[in-house]
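This report looks at how side chains pack and pair in one protein chain. Please have the sequence and the structure open while reading.

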Amino acid sequence: MNGDLETIYMELLQMREELQSKLFEYASLRSPAEHVTFDQAKTTTLLYHIKEELQDVSLAIAKIEQGTYGICEATGLTMPIEQMSILPTARTTDDFLYHKQYEKKAFTPYPHESNDSHFEAFRM
């Protein structure tokens with residue numbers, strides 16, 4: 001296993017441990033009451049998301065152990081390790097598109113602003 005892959009593997013193992021701990025913690029907060037309160041509904045939603053993330057992390061760990069990590073499930077092409085280190089649970093190359101769209105939106109000025117408006121405060 002190369003250094004980058006070893007680092008990703010160790011991070012995934014740590015993530016799995018943290019998610020399992022959170023899952024246990026939140027599952028113990030749930031009460032089997034007939035009337036579901038808002039907090040119980042939030043806990044149920046949180047448990048769902050933790051389970052989903054735990055499943056993704058466990059799958060990535062299994063792929064590393066089987067030697068199939070970083071291979072796109074849709075195309076069969078190898079995904080760059082640099083991208084996998086950013087999103088270690090990625091299953092397809094399309095998974096990286098969401099990250100790129102977020103970055104693009106984060107740095108796009110508001111429609112009503114001109115390109116120079118970001119620098120107005122610095123002009124003298």
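## Packing around I64

Beyond its neighbours within four places in sequence, I64 is in contact (heavy atoms within 4.5 Å) with M1, L5, I8, Y9, L12 and Y69. The model is predicted, with local features needing pLDDT of at least 70 and side-chain atom pairs counting only at pLDDT 80 or more, whereas totals for chains, interfaces and linings use all residues. Residues are numbered from 1 along each chain as its sequence is written, and side-chain values use heavy atoms, leaving out hydrogens and water.

I64 is also among the residues with the most contacts inside the largest nonpolar core, together with I8, L12, Y69 and M84, and this core has 19 residues. Helix 1 (3–29) and helix 2 (38–66) each supply at least two residues of the core, and the largest share, 7 residues, comes from helix 2. Here a nonpolar core is a set of buried (under 20% relative accessible area, 1.4 Å probe, protein chains only) Ala, Val, Leu, Ile, Met, Phe, Trp, Tyr and Cys residues joined through side-chain atoms within 4.5 Å; helices are DSSP runs of H or I with at least four residues, numbered from the N terminus.

## Salt bridges

K63, E73 and R91 are linked in a network of salt bridges, each defined by a side-chain nitrogen of Lys or Arg within 4 Å of a carboxyl oxygen of Asp or Glu. K63 forms a salt bridge with E73, with the closest N and O atoms 2.4 Å apart. Because K63 lies in helix 2 and E73 in the loop between helix 2 and helix 3 (81–86), the pair ties together parts that are 10 residues apart in sequence.

The side chains of R91 and E73 also meet in a salt bridge, at 3.1 Å from N to O.

Conventions:
Buried means under 20% relative accessible area, exposed over 50%, partly exposed in between (1.4 Å probe, protein chains only).
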